[in-house]
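Hello,

Here is the structure I promised to pass on. My notes on its rings and core follow below.

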Amino acid sequence: MGLCDAPFITMAFFGSRTINLALQGGGAHGAFTWGVLDRLLEEERLRVEGISGTSAGAMNAVVLAHGLTAGGREGAREALAALWASVADKLSSLSPVAGGMAQLSDRKGDLSPLMHAFIAFTRFFSPAQLNPLAMNPLRNILRAQVDFEVLRERCPLKLFIAATQVRTGQLRLFQTRELTAEMVLASACLPSLHHPVAIDGEVYWDGGYSANPAVFPLAEHCRARDIVVVLLHPLSRPRIPRTSRDIYNRITELSFNATFLREMRAIANAKRDPSFGIFFGGRLARRIRRGRYYLIEANELMSELKVESQLNTHATFLGMLRDQGRAHASRWLETYFRRRHRCMVNLAEVFC
């Protein structure tokens with residue numbers, strides 16, 4: 001990393017600001033986060049100290065961090081673009097689980113009848129039956145993108161990658177100096193599609209079941225007070241699910257959003273009432289209360305997309321999400337640098 005890129009991390013100059021990022025998981029919808037990050041990396045006045053990521057958010061976080069370490073801001077942008085190009089180009093063709101069906105999805109996000117049939121199969125057959133060789137195309141993509149030895153030794157960012165321990169249901173946060181490809185794959189391990197990932201004698205599933213994403217480590221371990229959460233799951237959906245498929249999809253979505261909503265509700269209550277609950281007293285409580293929280297989200301767009309479109313890896317669909325992410329990040333940046341306090345989220349109003 002060159003000296004000219006160092007201010008992206010923590011070095012301050014006039015007019016600059018430092019933030020932390022919390023990146024939700026959401027499969028192919030993570031291309032929206034790609035667009036957000038691509039735009040933020042263009043902003044010379046902005047620094048990032050730490051990133052917490054789950055599932056697709058973990059993939060974005062680790063690839064950005066490696067690209068930044070090796071090539072500064074432009075290296076990070078190029079690395080993210082290469083990641084999502086690989087997802088569009090290779091994911092369906094390499095995976096015996098997807099069997100090429102993701103490319104049969106149309107360009108608006110809807111899935112083909114054949115893909116719907118495959119999803120139905122996953123409700124009755126385990127990954128061991130559908131994918132006995134335990135092949136995971138994300139593993140090859142990730143290893144091609146990231147030199148984890150370089151990441152562990154040289155990465156200047158504080159990374160927190162969430163996975164869920166299958167045996168206990170507990171959250172496990174993997175941090176920068178220990179990260180491996182398997183830890184990132186554990187964060188993105190959907191139990192209906194992939195075999196659980198074994199690490200140090202324990203097996204893990206997708207981090208979304210225990211934190212999507214985890215916000216508290218950014219408050220606890222980072223000096224920057226501004227925490228920006230990039231949301232992929234809509235905070236509300238206007239339509240009531242009626243069909244069995246829509247009900248199943250909504251239940252799945254709620255399960256992946258529940259831990260995040262619970263954490264944000266606790267943070268909101270802690271800021272409103274210093275004696276509240278799990279954050280009462282101590283250093284973490286003080287840091288939680290002094291934090292400033294922001295959202296970059298596209299609730300209208302995401303509420304129009306079906307949950308199943310998270311499996312759509314069509315390049316045009318991913319490109320649309322990237323462009324939307326860039327546009328939303330641009331609007332957020334304009335407000336953040338001109339009227340920062342006006343774009344802070346009212347936690348009590350949104351989450352309580």
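Let me start with a charge over a ring: the charged end of Arg45 sits over the ring of Phe337, at 3.9 Å from its centre. The rule asks for NZ of Lys or CZ of Arg within 6 Å of the ring centre and within 35 degrees of the ring normal. Arg17 likewise lies over the face of Tyr336, 5.2 Å from the ring centre.

Please keep in mind that this is a predicted model: local features need pLDDT of at least 70 and side-chain atom pairs count only at pLDDT 80 or more, while totals for chains, interfaces and linings use all residues. Residues are numbered from 1 along each chain as its sequence is written, and side-chain values use heavy atoms, with hydrogens and water left out.

Tyr336 and Phe337 are both buried (under 20% relative accessible area, 1.4 Å probe, protein chains only). Their ring centres are 5.3 Å apart and their planes at 80°, so the pair is edge-to-face (centres within 6.5 Å, planes over 60 degrees apart).

Trp332 is among the residues with the most contacts inside the largest nonpolar core, which has 70 residues. Such a core is a set of buried Ala, Val, Leu, Ile, Met, Phe, Trp, Tyr and Cys residues joined through side-chain atoms within 4.5 Å.

Best wishes

Technical notes. Buried means under 20% relative accessible area, exposed over 50%, partly exposed in between (1.4 Å probe, protein chains only). Rings of Phe, Tyr and Trp (its six-membered ring) pair if their centres lie within 6.5 Å; planes under 30 degrees apart count as stacked, over 60 as edge-to-face and the rest as tilted.
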